[in-house]
Amino acid sequence: MIKNKLIKNAKKIDEFIINFLSRQQNSLLIRPMKYGVISGGKKIRSTIILDTGKLLKIKEKKLINICAAVECIHSYSLIHDDLPCMDNDSYRRGKLSTHKKFGEATAVLAGSSLLTLAFEIIADKKYLLSSEKKNEIISLLANCSGHSGIAGGQELDLKFENKKKRSIQILNMQRKKTGKLFNFCLQASAIIANKSNHEKILLGKIGEDIGLLFQLADDFLDEKGSKKLVGKAIKKDKKKGKSTLVNLKGFKKAFSYADKLKKKILLKLKKHGKNTTELKDTIEFIIERNF
Ligand code: GRG
């Protein structure tokens, strides 16, 4: 069952981060950082990485640092996304958002510390990966998180509020805001598996498509999901005038686009080996999920 897989993976990554932090000097920010990254969250990006590991025959211990780093970046982006100057949300993962619990300044600092922690986790001496590979992965993660990735996508998302944007512009913004980190998940796994540059790019593109599918499903949950299951406020996209495919074309057309995208992803995956079952299950979950 996919739910059990997600819980099992989340537990592993949480334990890794707790252990990693316990090796560092204590600070006032550890508690809000743990609040933002440990408790709650599906850790779907980690599951995607571990599923890709099965496809590319990579040992799990070679991927745990990558999973933990991605979850730190992801949680950092959520902490900042919830701030009053961004999407202004009081609840996340069924509990108070980090700034509501600890105050805005602490949330900014805890989020920024999770960002830098991600890079420490990959650069760690105990992580047995060549320096060349670590460099390549760190550079890719920085590229996917910064102005050409998550942060750049978020800027577009905020600038697009209450503006009439075309589907291509919306999809491009969502590819950056959400897709790029999923691109990293598959591309980093391809780097570890010694794949050719061509294959790294192809796998990264599949990751980006999965991320876009994930964002579309997130928009569907905002429209039709349950606040209790999703763990955050819903029906906000319409109120805030967000540029989403649902708001532009309506639920039915947006869902049909997502369904076609899913089929395209599954078709592309076929060219990348036989052990695709786990990744395929996770992709099906992404579009069917209710949390
Ligand atoms: C530079 C990393 C960085 C951040 C600053 C605030 C910001 C810029 C970006 C926000 C990007 C953002 C909120 C994208 C939304 C992606 C998304 C669908 C989030 C929900 O992810 P889930 O469902 O969350 O995986 P859980 O709670 O399960 O971890």
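This is a predicted model: local features need pLDDT of at least 70, side-chain atom pairs count only at pLDDT 80 or more; totals for chains, interfaces and linings use all residues.
Residues are numbered from 1 along each chain as its sequence is written, and side-chain values use heavy atoms, with hydrogens and water left out.

## Overall form

The protein chain has 15 helices and two strands, where helices (H or I, at least four residues) and strands (E, at least two) are DSSP runs numbered from the N terminus. Its C-alpha atoms fill a box of roughly 50 × 50 × 35 Å, taken along the principal axes. The radius of gyration of the chain is 18 Å, which agrees with the value near 19 Å that a compact globule of 291 residues would have; this radius is taken over C-alpha atoms, and the globule rule is 2.2 Å times the number of residues to the power 0.38.

Of the 291 residues, 53% count as buried, a term that means under 20% relative accessible area, with exposed meaning over 50% and partly exposed lying in between (1.4 Å probe, protein chains only). Among the contacts with a separation of 6 or more, 74% are accounted for by residues 24 or more positions apart, contact being defined as heavy atoms within 4.5 Å.

The buried residues are Ile30, Pro32, Met33, Tyr35, Gly36 and Val37, and what covers them includes helix 1, helix 4, strand 2 (95–96), helix 5 and helix 6.

How do helix 2 and helix 6 pack? Helix 2 (residues 30–37) and helix 6 (residues 104–123) meet at an angle of about 75°, with their axes 9 Å apart. Axes here are lines fitted to C-alpha atoms, for helices over the stretch in contact, and angles run from 0 to 180 degrees between N-to-C directions. The two helices are therefore roughly perpendicular to each other, given that angles of 65 to 115 degrees count as roughly perpendicular, those under 35 as roughly parallel, those over 145 as roughly antiparallel and the rest as oblique.

In this packing, Pro32, Met33 and Val37 of helix 2 meet Thr106, Ala110, Ser113, Leu114 and Leu117 of helix 6. The residues of this contact divide into six nonpolar, two polar and no charged, where Ala, Val, Leu, Ile, Met, Phe, Trp, Tyr, Cys and Pro count as nonpolar, Asp, Glu, Lys and Arg as charged, and the others, Gly among them, as polar.

Lysine 101, whose place is in helix 5 (residues 98–102), is partly exposed, with a relative accessible area of 42%. Not counting residues up to four places away in sequence, lysine 101 touches Arg31, Tyr35 and Leu96. Lysine 101 and isoleucine 30 are 71 residues apart in sequence and 14 Å apart in space, C-alpha to C-alpha.

Asparagine 9 lies in helix 1 and is buried, with a relative accessible area of 5%. Leaving aside neighbours within four places in sequence, asparagine 9 is in contact with Thr47 and Leu50.

## Salt bridges

Side chains of opposite charge can pair when their charged atoms come close. A search of the whole structure finds 24 salt bridges, each being a side-chain nitrogen of Lys or Arg within 4 Å of a carboxyl oxygen of Asp or Glu. The table gives some of them.

| Pair | N to O distance |
|---|---|
| Lysine 12 and glutamate 60 | 2.7 Å |
| Aspartate 124 and arginine 23 | 3.0 Å |
| Glutamate 284 and lysine 262 | 3.0 Å |

The salt bridge of lysine 12 with glutamate 60 links distant parts of the chain, with lysine 12 in helix 1 (residues 2–22) and glutamate 60 in the loop between helix 3 (44–56) and helix 4 (64–81), 48 residues apart. Lysine 12 is partly exposed at 26% relative accessibility, and glutamate 60 is also partly exposed, at 33%.

The side chains of aspartate 124 and arginine 23 meet in a salt bridge; aspartate 124 lies in the loop between helix 6 and helix 7 (131–145) and arginine 23 in the loop between helix 1 and helix 2, so the pair ties together parts that are 101 residues apart in sequence. Aspartate 124 is buried, with a relative accessible area of 14%, whereas arginine 23 counts as partly exposed at 42%.

The side chains of glutamate 284 and lysine 262 also meet in a salt bridge, with glutamate 284 in helix 15 (residues 277–288) and lysine 262 in helix 14 (residues 251–269), so this pair ties together parts 22 residues apart in sequence. Glutamate 284 counts as partly exposed at 25% relative accessibility, and lysine 262 as buried at 11%.
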